Amino acid sequence: MSLYVHIPFCRQICAYCDFSKVFYNQKWADAYLIQLEKELNDRDANHLHETVYIGGGSPSSLSLNQLSVLFSILKEPLQGCKEATIEVNPEDLTLEKAKLFKESGITRVSLGVQTFNDEHLKVIGRHHNLAMIKQALNDLVEAGIERISIDFIYGLPHQTFEDLKEDLAILKTLDMVNHVSFYTLILEENTKFYFDGVTLKDDEWLIDAQAILIDGLKALGFERYEVSNFAKPNEQSMHNLVYWHHEPYIGIGCGASGYIGVVRYDNTKSITKYLKGTTTASKTILSKEDEMFEVLMLGLRLTKGISIPDFISRFNVHPFEVFDLERFMEMGLLEIEEDYLKTTSKGMDVLDEILIDM
């Protein structure tokens, strides 16, 4: 079992973000940690897990003392787990916080960089700059954190191919980074970008940009193992692989989700309801057909694809008996390699369209 912990607080709200979040408030954060501990116990999750992921929001927006309380609450789940990740914003990080991460059992940090370009950072509402990013990375290294991932977004307003190449050139100088995520900007409702009427890049631009990123990252030693994720050897995110392999996990916190057995649940996104003791907002019991499609949907995101023998063992049926996959193979979008059903490079570019069609 794996554990996801959601911390919804942020020191600022980015122009593109629609995650469950709220402006940081000390009293709310203190009360939230009390409720978080209660949910951890109510869900019988206060024990060792294979992986732990603390996301948000921005967990690093908590004060040093509040982070100490959080790690005290998560002492059992963190103790001896194979991978423990926390998301961090560069402007929130201090050397003291980095050292606390290390002392508390955190083995991996995901740094929300988005871009190294200071002008683009201002446009998307981030409050850090390149100098702060480099300082945060140095603090993590000094604290002894050896696994560092960086999140990027591409397709930003006014972003050019030269900007992407410059981001890659700067990344080349940062040897401590061993995992990179590159996500496409999406125009979500109820975000500043949405209300401002921001225009997204067209598909042709995004495909060309993706080619630049894939080739550039490969030259730096990063192999693509998922649609948006690239890692140096043996540095893949173990926790995110749980999602993509459609394995069970417990989610706690405001806006968190979990998947146990055939039940998928979503917690309330209302911080006021959560603080009053309301946790679960909805539950869905997945049918066998739902599960099979989710295995396909998530597994095809991986460059390795889906193990056909594992699918048959799990559902007692061949995926080709359930889904009309032959025509996608004839179109050169899917292929079988060593008993794995996977997308071709062409298919990976249009995976969303394949899944919608299915």
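**Close-up 1. The cysteines Cys254 and Cys10.** Cys254 is buried, with a relative accessible area of 1%, where buried means under 20% relative accessible area, exposed means over 50%, and partly exposed lies in between (1.4 Å probe, protein chains only). Cys10 also counts as buried, at 10% relative accessibility. The closest cysteine sulfur to that of Cys254 is the one in Cys10, at 12 Å, which is too far for a bond. A disulfide is taken to be a pair of cysteine sulfur atoms within 2.5 Å, and by this rule the count comes to zero disulfides.

This is a predicted model, in which local features need pLDDT of at least 70 and side-chain atom pairs count only at pLDDT 80 or more, while totals for chains, interfaces and linings use all residues. Residues are numbered from 1 along each chain as its sequence is written, and side-chain values use heavy atoms, with hydrogens and water left out.

Close-up 2. A salt bridge is a side-chain nitrogen of Lys or Arg within 4 Å of a carboxyl oxygen of Asp or Glu, and a search of the whole structure finds 14 salt bridges. One of them joins Arg264 to Glu294, with the closest N and O atoms 2.4 Å apart. Because Arg264 lies in strand 13 (residues 263-267) and Glu294 in helix 12 (residues 288-299), this pair ties together parts that are 30 residues apart in sequence. Helices (H or I, at least four residues) and strands (E, at least two) are DSSP runs, numbered from the N terminus. Glu294 is buried, with a relative accessible area of 13%. The side chains of Arg314 and Glu291 also meet in a salt bridge, at 3.8 Å from N to O. Since Arg314 belongs to helix 13 (residues 308-315) and Glu291 to helix 12, the pair ties together parts that are 23 residues apart in sequence. Arg314 is partly exposed at 39%, whereas Glu291 is buried at 12%.

**Close-up 3. A patch of negative charge on the surface.** Asp202, Asp203, Glu204, Asp208, Asp352 and Glu353 gather in this patch. The elements that give two or more residues to the patch are helix 9 (203-219) and helix 17 (351-357), and the largest share, three residues, comes from helix 9. Patches are made of residues with over 30% relative accessible area and no salt bridge, with like charges joined within 9 Å and nonpolar side chains (Val, Leu, Ile, Met, Phe, Trp, Tyr) joined within 5 Å. Asp208, which is found in helix 9, is partly exposed, with a relative accessible area of 36%.

Conventions. Areas by Shrake-Rupley, 256 points an atom, 1.4 Å probe, with all protein chains shown as cover. Lys, Arg positive; Asp, Glu negative; His and termini not counted. Charge placed at Lys NZ, Arg CZ, Asp CG, Glu CD.
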